[in-house]
Protein chains: 2
Amino acid sequence: MNTMVLAVKIVLDKWRSSIKNFDDLLLELSDETLLREIVPSKNRGIYLLGHLLAVHDDMLVLLDMGNKLYPQWNDAFLKHADKVISDIPGCTELRQAWIIQAKAIQQKFDALPSEQWFEKHRAISDQDFALEPHRNKLNVVLTRINHLQYHIGQLALLK
Amino acid sequence: MNTMVLAVKIVLDKWRSSIKNFDDLLLELSDETLLREIVPSKNRGIYLLGHLLAVHDDMLVLLDMGNKLYPQWNDAFLKHADKVISDIPGCTELRQAWIIQAKAIQQKFDALPSEQWFEKHRAISDQDFALEPHRNKLNVVLTRINHLQYHIGQLALLK
């Protein structure tokens, strides 16, 4: 295996394991628990779930892998902080959406040849990418893994 | 820049930015705040700081980059959970240690040629590495970034 293939593998392995950690955590938390604030006056578990769904939806677009699956939740979970929008989907709906989205993302990740992970993402111009070739698709996934881990740490406090 | 160099760059950039995030957060938190539990009966901020110091010390050894800087804190912050060992260093000492360690790690990271990040780490045998070449040094750093992000998410709740 050459270094390019190895580099892609270690990043995508981390994506998969982080998603698995989140899945396991979700199974441990009841709907009632998800509706609690992690720390008084901070985000509720349900908001983090919706927020990650919205951020990962955005990632699909950024990676040129299609459209958002849940554009209708952008407003509640991305544009606004928790408890600003009162009309949000329920835990059951969000849990199902999470499973569907994770599966869809995994299929798209698995289908992209290694070399294409080093191509530019959608939010950078050809000119800028020529100067900053590290702003590639693999970098986007790394950033999202970091973001996911950050919130997994928080959600784990609800246990 | 070839894909190997790019892959190393994007991972090390994430290490640097995660450490920076933690530095910024530490500056925002007073010693008094660090001594608080993030959530009742869970870890205190000071424990997370000591724990990250111990884990990053271990990483240095795993990457064949020298000895631990603070082996004396292993017991309190790695082998045991928070509040099990009562004799722990103070916030000032830990804050200083964090700065010294982060600088030392950064120097060692910057000094390692890109291709050597794809060599095996110290806890895997030659035989196993021949079968699983993704268990390389770069992978170790990725895992530690994930761990750091997980705890940054928690520490941020003390703000």
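Predicted model: local features only at pLDDT ≥ 70, side-chain atom pairs only at ≥ 80, totals over all residues.
A helix here is a DSSP run of H or I with at least four residues, numbered from the N terminus. In that sense His151(A) lies in helix H7 of chain A, which spans residues 137–155.

**Interface of chain B and chain A**

- Between them, chain B and chain A bury about 2,900 Å², and 71% of that area falls on carbon and sulfur atoms.
- On the side of chain B that touches chain A, the elements that give two or more residues are helix H1 (3–28) and helix H7 (137–155) of chain B, and H7(B) gives the most, with 11 residues.
- By residue class, this side of chain B divides into 17 nonpolar, 10 polar and five charged residues.
- The contact draws 32 residues from chain B and 32 residues from chain A.
- Across this interface the rule finds zero salt bridges, whereas it does find eight residue pairs in polar contact, with both residues at pLDDT 80 or more.

**Nonpolar core**

- The largest nonpolar core has 106 residues, and those with the most contacts inside it are Phe109(A), Trp117(A), Phe109(B) and Trp117(B).
- Leaving out residues up to four places away in sequence, Trp117(B) touches a set of residues of chain B, among them Val8(B), Leu12(B), Leu63(B), Met65(B), Phe109(B) and Val141(B).
- The residues touched by Trp117(B) also include Asn136(B) and Lys137(B).

**His151(A)**

- His151(A) counts as buried because its relative accessibility is 8%, and the cut-off for buried is under 20%.
- The side chain of His151(A) makes a polar contact with the side chain of Gln154(A) at 2.9 Å.
- When neighbours within four places in sequence are set aside, His151(A) is in contact with Leu48(A), His51(A) and Leu52(A).

- Arg95(A), placed in helix H5 (residues 91–111) of chain A, is buried because its relative accessible area is 19%, against a cut-off of under 20%.
- The side chain of Arg95(A) reaches two backbone oxygens, that of Leu26(A) at 2.8 Å and that of Leu29(A) at 2.6 Å.
- Asp31(A) forms a salt bridge with Arg95(A), in which the closest N and O atoms are 2.9 Å apart; the pair links distant parts of the chain, with Asp31(A) in helix H2 (residues 31–34) and Arg95(A) in helix H5 of chain A, 64 residues apart.
- Not counting residues up to four places away in sequence, Arg95(A) touches residues including Ser30(A), Leu34(A) and Leu49(A).
- Arg95(A) and Ile46(A) are 49 residues apart in sequence, with their C-alpha atoms 9.4 Å apart in space.

**Other salt bridges**

- Over all chains, the count by this rule comes to 23 salt bridges.
- The side chains of Arg135(A) and Glu132(A) meet in a salt bridge at 2.7 Å, N to O; Arg135(A) is partly exposed at 29% relative accessibility, and Glu132(A) is partly exposed with a relative accessible area of 30%.
- In chain B, the side chains of Asp24(B) and Lys20(B) meet in a salt bridge at 2.8 Å, N to O, and both residues lie in helix H1 of chain B, four residues apart, about one turn of the helix.
- Asp24(B) is partly exposed, with a relative accessible area of 32%, and Lys20(B) also counts as partly exposed, at 45% relative accessibility.
- A network of salt bridges links Lys9(A), Asp13(A), Arg16(A) and Asp110(A).

Key. Residues numbered from 1 in each chain as written. Chains lettered and ligands numbered in written order. Heavy atoms only, no water. Contact = heavy atoms within 4.5 Å. Buried area = accessible area lost by both parts, 1.4 Å probe. Salt bridge = Lys/Arg side-chain N within 4 Å of Asp/Glu carboxyl O. Polar contact = N/O pair within 3.5 Å; in protein donor to acceptor, adjacent residues only side chain to side chain. Nonpolar A, V, L, I, M, F, W, Y, C, P; charged D, E, K, R; others polar. Core = buried A, V, L, I, M, F, W, Y, C linked by side-chain atoms within 4.5 Å. Buried < 20%, exposed > 50% of the residue type's maximum accessible area, 1.4 Å probe, protein only.
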